[in-house]
Amino acid sequence: PEYITKDCKVCLEKQNCPILFAEEAVIASHTMPGTEAVNEFIIDSVGTYPTVTENENSWVIQWDSQFATYYYQVEISKSATLGKVEKISKGE
């Protein structure tokens, strides 16, 4: 298979590097330092997909899979600073 975004990185080790587009936020949400658990979730889970919400100063990316009992939510500022990474149980 072809991987269009394989090995993509966004704003790593760069200053004043804004994240302007949802696609950049998705890439950053699993490649920035501190998001290693999210990347493992994507690799290990079947059918993972991101949902992106844009706020005034940040992006919130939710990584989910219908087969997992939890999902990850990542907040990244538009100035490329990692806010938080949360593993959230779906509960029953």
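Which charged end sits over the ring of Y70? In this predicted model, the charged end of K87 takes that place, 4.2 Å from the ring centre.

Across the whole structure, the search returns three aromatic pairs. In one of them, the ring centres of F41 and Y70 are 5.1 Å apart and the planes stand at 45°, so this pair is classed as tilted. The two residues come from distant parts of the chain: F41 belongs to helix α2, residues 36-44, while Y70 belongs to strand β3, and 29 residues separate them. Their surroundings can also be described. F41 is buried, at a relative accessible area of 2%, whereas Y70 is partly exposed, at 24%. Ring pairs also bring in Y72, giving a cluster of F41, Y70 and Y72.

I now turn to the salt bridges. How many does the structure hold? There are three.

One of them joins E54 to K78, with 2.6 Å between the closest N and O atoms. E54 is in strand β1, residues 49-54, and K78 is in the loop between β3 and β4, so this contact ties together parts that are 24 residues apart in sequence. E54 is partly exposed at 49% relative accessible area, and K78 is partly exposed as well, at 22%. Please note a further contact of K78: this residue lies over the face of W59, 5.3 Å from the ring centre.

Another salt bridge is formed by the side chains of K90 and D64, at 2.8 Å from N to O. K90 is located in the segment after β4 and D64 in strand β2, residues 58-64, so parts 26 residues apart in sequence are tied together here. Is D64 buried or exposed? With a relative accessibility of 11%, D64 counts as buried, because the cut-off for that label is under 20%.

Finally, I would draw your attention to helix α1, residues 22-31, where T31 is found. T31 is buried, with a relative accessible area of 18%. What does the side chain of T31 reach? The contact is with the backbone oxygen of I27, at 2.8 Å.

Thank you for your attention.

Terms used: Residues numbered from 1 in each chain as written. Predicted model: local features only at pLDDT ≥ 70, side-chain atom pairs only at ≥ 80, totals over all residues. Heavy atoms only, no water. Salt bridge = Lys/Arg side-chain N within 4 Å of Asp/Glu carboxyl O. Helix = DSSP H or I, 4+ residues; strand = E, 2+ residues; numbered from the N terminus. Buried < 20%, exposed > 50% of the residue type's maximum accessible area, 1.4 Å probe, protein only. Polar contact = N/O pair within 3.5 Å; in protein donor to acceptor, adjacent residues only side chain to side chain. Phe/Tyr/Trp six-rings, centres within 6.5 Å; stacked < 30°, edge-to-face > 60°. Lys NZ or Arg CZ within 6 Å of the ring centre and 35° of its normal.
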